[in-house]
Amino acid sequence: MKSKSTFLFILFLMSFIMAGAQSTPTEVTAEYGPPAEANVWEHFTIPLTAETFNVDETTFDAVLANVTSFWVRTEMHSGPDTAGLDVVKVGTTYLSNFNASSEGWSSGGDGTMEWFPTGGYEDGFIQIADWATGEWSWLIAPASWAGDWSSLKGQDIEFWYFTDHPSYSAVVKITTGQIDRLVINTPYFNTILPDDSVLIELEVMPTPEEDIIVSFSTSNPSCITVPAPITILTGSSTANVYFAAADGAEVGCESVVEAISKGYITSRITMRVLDNYGIEEVDLSKAITTYPNPCSGKFMLSNTSNKKIQEVVMYDLSGNAIIDLREGDLSNMEIDVTHLPAGIYFLRMFVGGKVLTSKLIIE
């Protein structure tokens with residue numbers, strides 16, 4: 001009888017230990033937002049504490065000891081929306097400011113990521129456009145952010161964020177389970193010249209233990225073409241492929257390109273065909289003028305270049321997007337700025353495949 005009791009006790013103890021082990025979640029989340037205003041950069045701070053992530057201390061310690069990925073959900077609207085992320089910090093260890101590139105960040109869910117060298121809270125930033133297909137849209141930190149975060153407990157997650165539809169809050173997510181994903185590491189400004197191609201690095205995380213086949217898709221094959229499927233061999237974590245401007249592609253066109261493999265999170269970015277790389281500083285007094293400048297209340301945007309103005313974004317000195325116009329041809333139109341305080345602002349315009357910038361003074 002004694003041996004039977006001992007055996008039953010051991011079974012109970014083992015089941016208790018196993019239940020405890022199974023209770024450790026594979027991810028924890030904490031809420032943030034929404035911002036007070038649409039299209040305005042706002043700073044968010046999320047303490048790395050068990051209370052903030054709504055778990056007990058033991059569970060939180062276990063999660064921090066084995067972080068496999070860090071995600072920021074950017075969607076705050078039930079329909080299509082656009083959001084931006086800049087200057088992301090986790091304690092004193094991890095930082096992405098996006099001034100030179102997307103720094104290995106990628107999109108998840110139904111979002112399409114794009115990197116911009118200007119317009120962020122501090123210069124460059126990453127932007128994600130949500131397709132509103134039913135999945136959440138996420139921005140995912142590079143694999144180099146994985147590891148033991150135990151020493152960061154009690155410190156803060158910080159970032160600057162904007163959205164054009166701040167309808168409800170979102171979350172940040174820390175995972176402990178294995179996350180298999182693909183990352184398209186983009187060239188400068190996600191740009192391809194007409195009749196040209198760019199070398200793209202595709203990264204596989206983690207390094208595969210068996211061969212995997214990766215296929216590519218393009219939403220606009222008359223703009224951007226993608227290669228045939230490739231095989232990434234066991235033990236290889238990167239591969240190089242070429243994306244190309246399609247024959248006769250119109251300058252200014254864009255396409256969403258994807259890298260896809262079974263069991264892996266799809267990597268999705270927006271690529272454009274432009275006849276310049278990045279930002280081109282020009283004297284807008286030649287073909288595109290803003291007058292009066294300085295102005296008070298309203299100003300005119302005049303275009304005599306015979307090239308369509310596709311987008312106009314106005315930023316303040318803090319990098320906040322104050323006005324964002326994208327509908328129709330924006331040439332020769334009056335823009336109302338009576339709601340803006342006096343100061344110096346900057347205009348960014350997509351014009352005939354180029355990105356033009358100019359300074360505007362409001363008195």
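Strands, here as in what follows, are DSSP runs of E of at least two residues, numbered from the N terminus. In this predicted model, Thr74 lies in the loop that connects β3 (69–73) with β4 (81–90). The relative accessible area of Thr74 is 1%, and this residue is therefore classed as buried, the cut-off for that class being under 20%. When neighbours within four places in sequence are left aside, the contacts of Thr74 comprise Tyr32, Asp81, Ala83, Ile128, Ser137, Trp138, Leu139 and Tyr161.

The largest pocket of the model has a volume of about 660 Å³. The lining of this pocket consists of 33 residues, of which Gln127, Glu254, Arg272, Glu311 and Arg326 are the closest to the pocket centre. At least two lining residues are supplied by each of the strands β7 (111–120), β8 (123–130), β19 (254–260), β20 (267–273), β24 (309–315), β25 (321–325) and β27 (343–351). Divided by class, the lining of the largest pocket contains 14 nonpolar residues, together with 10 polar and 9 charged ones.

Conventions: Residues numbered from 1 in each chain as written. Predicted model: local features only at pLDDT ≥ 70, side-chain atom pairs only at ≥ 80, totals over all residues. Heavy atoms only, no water. Helix = DSSP H or I, 4+ residues; strand = E, 2+ residues; numbered from the N terminus. Buried < 20%, exposed > 50% of the residue type's maximum accessible area, 1.4 Å probe, protein only. Contact = heavy atoms within 4.5 Å. 1 Å grid on protein atoms, 1.4 Å probe; cavity = no way out; pocket = protein on both sides within 12 Å on 5 of 7 lines; lining within 4 Å. Points joined across faces, edges and corners; volume = space filled by probe spheres on them. Nonpolar A, V, L, I, M, F, W, Y, C, P; charged D, E, K, R; others polar.
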